[in-house]
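This report describes the strand pairing, core, side-chain pairs and backbone exceptions of one protein model. The sequence and structure come first.

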Amino acid sequence: MLANPKRRFPRASLNGTAQLNQGKFRCSGEVVTLSEGGVFVAGIPKLPAGEEFRVHLILPRTFEPVVCRGEVLYNLPPSDGRKGGTGLRFSVMSSDGQSR
């Protein structure tokens, strides 16, 4: 678990898949960290900050994806052993998705 006093929710490192959809645009990448507030996804193209996507999270030991909406907060390039990717804040998530 990564700790940062500025973060509202603690993050957990895990291996999963995220599929992002917006209209005809679709991409998928690797879930690197996850919290109640959002997710960091590596291996996807740089996305415009503020854009909202439908997100399907396929997480370890789950049989069905967690479906939510996520807003792009930032994009990070790869550096010094860290994977590049996109940070998304959850904007809408079902209570079932939150409990998982």
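## Strand pairing

T17 has I58 in β4 as its bridge partner. Strands β1 and β4 run antiparallel and are joined by 5 bridges; two strands count as paired if DSSP finds at least two bridges between them. β1 also pairs with β2, again in the antiparallel sense, over 9 bridges. Within β2, V31 is the residue opposite G16. β1 and β2 form a hairpin that leaves 2 residues between the strands, and G23 in the turn has a positive phi of about 60 degrees.

## Basis of the model

The model is predicted, and local features need pLDDT of at least 70, side-chain atom pairs count only at pLDDT 80 or more, and totals for chains, interfaces and linings use all residues. Residues are numbered from 1 along each chain as its sequence is written, and side-chain values use heavy atoms, with hydrogens and water left out.

## Overall make-up

The secondary structure consists of 1 helix and 6 strands, in the sequence order β-β-β-β-β-β-α. Helices (H or I, at least four residues) and strands (E, at least two) are DSSP runs, numbered from the N terminus.

Of the 100 residues in the protein, 36% are buried. Here buried means under 20% relative accessible area, exposed means over 50%, and partly exposed lies in between (1.4 Å probe, protein chains only). The protein exposes about 6,400 Å², and carbon and sulfur atoms supply 52% of that area; the areas come from the Shrake-Rupley method with a 1.4 Å probe, and for residues only the protein chains shown count as cover. Among contacts with a separation of 6 or more, 44% are between residues 24 or more positions apart, where contact means heavy atoms within 4.5 Å.

## Nonpolar core

The largest nonpolar core holds 18 residues, and L20, L34, V39 and L57 have the most contacts inside it. Two or more residues come from each of β1 (12-22), β2 (25-34), β3 (38-42), β4 (52-58), β5 (66-76) and β6 (85-93). Such a core is a set of buried Ala, Val, Leu, Ile, Met, Phe, Trp, Tyr and Cys residues joined through side-chain atoms within 4.5 Å.

What does V39 touch, leaving aside its neighbours within four places in sequence? V39 is in contact with V31, T33, L34, L57, T86, G87, L88 and F90.

## Salt bridges

The whole structure contains 3 salt bridges, each defined as a side-chain nitrogen of Lys or Arg within 4 Å of a carboxyl oxygen of Asp or Glu. In the pair of K83 and E30, the closest N and O atoms are 2.6 Å apart. K83 is in the loop between β5 and β6 and E30 is in strand β2, so this pair ties together parts that are 53 residues apart in sequence. K83 is partly exposed at 42% relative accessibility, and E30 is partly exposed at 26%.

R69 and E52 form a salt bridge with an N to O distance of 2.9 Å. Because R69 lies in strand β5 and E52 in strand β4, the pair ties together parts 17 residues apart in sequence. Relative accessible area is 30% for R69, which is partly exposed, and 31% for E52, also partly exposed. The side chains of R89 and E71 likewise meet in a salt bridge, at 2.9 Å from N to O. R89 belongs to strand β6 and E71 to strand β5, so parts 18 residues apart in sequence are tied together. Both ends are partly exposed, R89 with 40% relative accessible area and E71 with 21%.

## Aromatic pairs

There are 2 aromatic pairs. Rings of Phe, Tyr and Trp (its six-membered ring) pair if their centres lie within 6.5 Å; planes under 30 degrees apart count as stacked, over 60 as edge-to-face and the rest as tilted. The rings of F40 and Y74 are stacked, because their centres are 6.2 Å apart and their planes are at 20 degrees. F40 in strand β3 and Y74 in strand β5 are 34 residues apart, so the pair links distant parts of the chain. F40 is buried at 5% relative accessibility, whereas Y74 is partly exposed at 27%.

Most residues other than glycine have a negative phi. R61 has a positive phi near 60 degrees. R61 lies in the loop between β4 and β5 and is exposed, at 81% relative accessibility. D80 also has a positive phi, near 40 degrees. D80 is located in the loop between β5 and β6 and is exposed, with a relative accessible area of 84%.
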